[in-house]
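Dear colleague,

Please find below the structure that I am passing on to you. My notes on its contents follow directly after it.

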Amino acid sequence: MMKDVQLRKTGVTGEKLFNKAQDWVFDEVLSNYIFLPQILDYVECFTGPNIRAMHTMLINKPPDPGFATSRHPLHQDLHYFPFRPADRIVCAWTAMERIFVDNGCLFVIPGSHKGPLLQHEYPNWENGVNKMYHGIRGCDDAPVVNLIMDKGDTVFFHPLLIHGSGMNRTQGYRKAISCHFSADEVEFIDVRGTSQESIAKEVEEISKRRGMALNFQDIWRFRSRLVRGMEQRL
């Protein structure tokens with residue numbers, strides 16, 4: 001469970017405080033999403049027939065507390081992943097209600113998935129930034145396309161696509177459910193000495209505080225689940 005950096009200071013609880021629930025691949029109810037044939041039939045076009053659910057999120061963007069902390073900086077999801085190739089990874093992101101500019105829709109830089117993985121770091125925002133919300137410096141003024149979505153709409157995108165989301169200026173909650181899928185055949189890589197080393201250390205430290213002293217690669221193995229096809233890796 002992830003909390004808004006500013007809302008956690010106000011004493012609010014429940015839906016008003018939490019902005020993400022992650023890693024529910026074995027949850028009895030939420031895991032139904034990662035087995036939907038309506039999702040997997042499209043995912044298979046990118047991953048091939050042996051599909052693994054790697055990263056699951058239930059996203060709740062609460063009304064912004066006035067500090068612009070509900071926004072998400074422009075980033076590439078591959079920054080968080082120690083497995084390759086990128087072309088065998090895809091995100092399915094489904095709107096659970098109407099999502100538009102005022103409640104913080106996704107925005108993307110078209111064609112950016114054809115470029116390399118860029119350096120990420122925490123943005124220098126005046127009122128702080130949420131945990132794990134790393135971003136790419138220097139592309140804030142790049143032209144973006146807003147993804148306006150109705151309830152039930154799903155967008156599929158490449159892990160190198162540069163994207164982010166705006167702040168929620170409404171009094172409602174912007175909810176979505178998503179999963180990053182990969183081919184079961186992907187290979188795990190050592191990210192030491194790369195631009196991903198900082199996120200790896202951050203994730204490993206959180207895992208250690210929770211009683212699981214695992215390395216970055218094993219954390220991702222632990223949080224994943226085969227959802228179609230056959231196991232290809234030992």
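The structure, a predicted model, holds 5 aromatic pairs; rings of Phe, Tyr and Trp (its six-membered ring) count as a pair if their centres lie within 6.5 Å, and planes under 30 degrees apart are stacked, over 60 edge-to-face and the rest tilted. Helices (H or I, at least four residues) and strands (E, at least two) are DSSP runs, numbered from the N terminus.

Phe 83 also forms an edge-to-face pair with Trp 220, at 5.9 Å centre to centre and 70 degrees between the planes. Because Trp 220 lies in helix H3 (residues 216–222) and Phe 83 in strand E5, the pair ties together parts 137 residues apart in sequence. Both Phe 83 and Trp 220 are buried, that is, under 20% relative accessible area, where over 50% is exposed and anything in between partly exposed (1.4 Å probe, protein chains only). One aromatic cluster is made up of Phe 81, Phe 83, Phe 188 and Trp 220.

Two arginines accompany these rings. The charged end of Arg 221 sits over the ring of Phe 188, 4.2 Å from its centre, and that of Arg 223 sits over the ring of Trp 220, 4.0 Å from its centre. Here the criterion is NZ of Lys or CZ of Arg within 6 Å of the ring centre and within 35 degrees of the ring normal.

Tyr 80 is found in the loop between E4 and E5 and is buried, with a relative accessible area of 14%. Residues that Tyr 80 touches include Met 132, Phe 216 and Trp 220, not counting residues up to four places away in sequence; contact means heavy atoms within 4.5 Å. Tyr 80 and Phe 216 are 136 residues apart in sequence and 9.7 Å apart in space, C-alpha to C-alpha.

Asp 77 is found in the loop between strand E4 (72–75) and strand E5 (83–84). Among the residues that Asp 77 touches are Phe 157 and His 180.

Residues are numbered from 1 along each chain as its sequence is written, and side-chain values use heavy atoms, with hydrogens and water left out. In this predicted model, local features need pLDDT of at least 70 and side-chain atom pairs count only at pLDDT 80 or more, whereas totals for chains, interfaces and linings use all residues.

Yours sincerely
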